[in-house]
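Hello,

Here is the structure I promised to pass on to you. Please have a look at it first, and then read my notes below.

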Amino acid sequence: MEWRQVGKLKSTYVDALPELVNPRTGRIHTTFNQAVAATGRLSSTNPNMQNIPVRSERGQRVRDLFVAGGPDRVLLSADYSQIELRVIASMSGDAGMIDAFLSGEDIHAATASKVFGVPLAEVSREQRSQAKTVNFGIIYGVSAFGLSQQTNLSRSEAKEVIEQYFATYPGIKKYIDDQVAAARAQGYVETLLGRRRYLRDIDSRNQAVRGHSERNAINAPIQGTAADIVKLAMIRIHDRLQREGLKSPMILQVHDELVFDAYSTEVESLRELVKAEMESAFVLKVPLVADTGVGRTWLKAH
DNA sequence: TCAATCACG
DNA sequence: ACGTACGTGATTGAA
């Protein structure tokens, strides 16, 4: 497994990326596709700059190779905190999840506290980790089987955790049922901004095919609304950079993160501008929060 | 050309 | 009885 990890990093990144450096600019120039992903996300090719390693230690050494454009510059990274969970909280109107975000709670710990019925301060690492897995799973339409595969919970335990989750956040259960019903009635679901995903297999007699379509009905409005919001923020940031005469370019989008090649002289005003535009790009029933970081490398900007 | 694998959010 | 968590792109090796 270690051999495979090293081989992946070498062939896909260490060997391939230097070949893609433009001799004129000395930089790598990706292409962003705006009409590929079914949810409205961007995708990135030749090379894919949205899957640069970061999770493993060896992966972090690769990400550390991406540097600012000159000695007078730094990379500024700004990323949305929990944007998809905030979107489902808002779209579903679930009072408990909305309250958790309004109070600025650690959403995974808050979920664990409610689902497992323990005080917030007594949530164990294991409980928080399981709650985090459920929170992510819910966005994808996970089943008890899927959750049991993803955790060390048995199937029956996973079933109970999901039931407790829906008892804690009844609005989320309703959101899921409503989106699947909307897909059946209309043949599509849509984001808060009206982007549609058509689901032609929603009535399939093949339950695996139909199940896939139902999970798309659950997930697409969430992932798609988040994508819409990020795009709005990008447009507004670009406008303000131009209007206010800032010269630091926006160079990357990684779904919930924007990266800028910032001139050191501009970095503080840029940071304020970017954070403000990301957090006000669209008004939900919960706050949008964007965290920023600055560093000489992409890794260190986090 | 395709499936399997693995990198990311 | 059946199938089982969303969205992508690049590389590899076999057909």
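Let me begin with the DNA: there are 15 residues around DNA strand B, and Lys8, Asn51, Val54, Arg55 and Asp256 come nearest (a residue is near a strand if one of its heavy atoms lies within 4 Å of it). This is a predicted model, in which local features need pLDDT of at least 70 and side-chain atom pairs count only at pLDDT 80 or more, while totals for chains, interfaces and linings use all residues. Residues are numbered from 1 along each chain as its sequence is written, chains are lettered from A and ligands numbered from 1 in the order in which they are written, and side-chain values use heavy atoms, with hydrogens and water left out.

Sugar or phosphate accounts for 72% of the atoms of DNA strand B within 4 Å of the protein, and bases for the rest. An N or O atom in the side chain of Arg4 is 3.0 Å from a phosphate oxygen of DNA strand B.

Now the chain as a whole. The C-alpha atoms of chain A fill a box of roughly 55 × 50 × 45 Å along the principal axes. Of its 302 residues, 46% count as buried (under 20% relative accessible area, with a 1.4 Å probe and protein chains only).

Happy exploring!

Methods:
A polar contact is a pair of N or O atoms within 3.5 Å; within protein, one must be able to donate a hydrogen and the other to accept it, and residues adjacent in sequence count only if both atoms are side-chain atoms. Buried means under 20% relative accessible area, exposed over 50%, partly exposed in between (1.4 Å probe, protein chains only).
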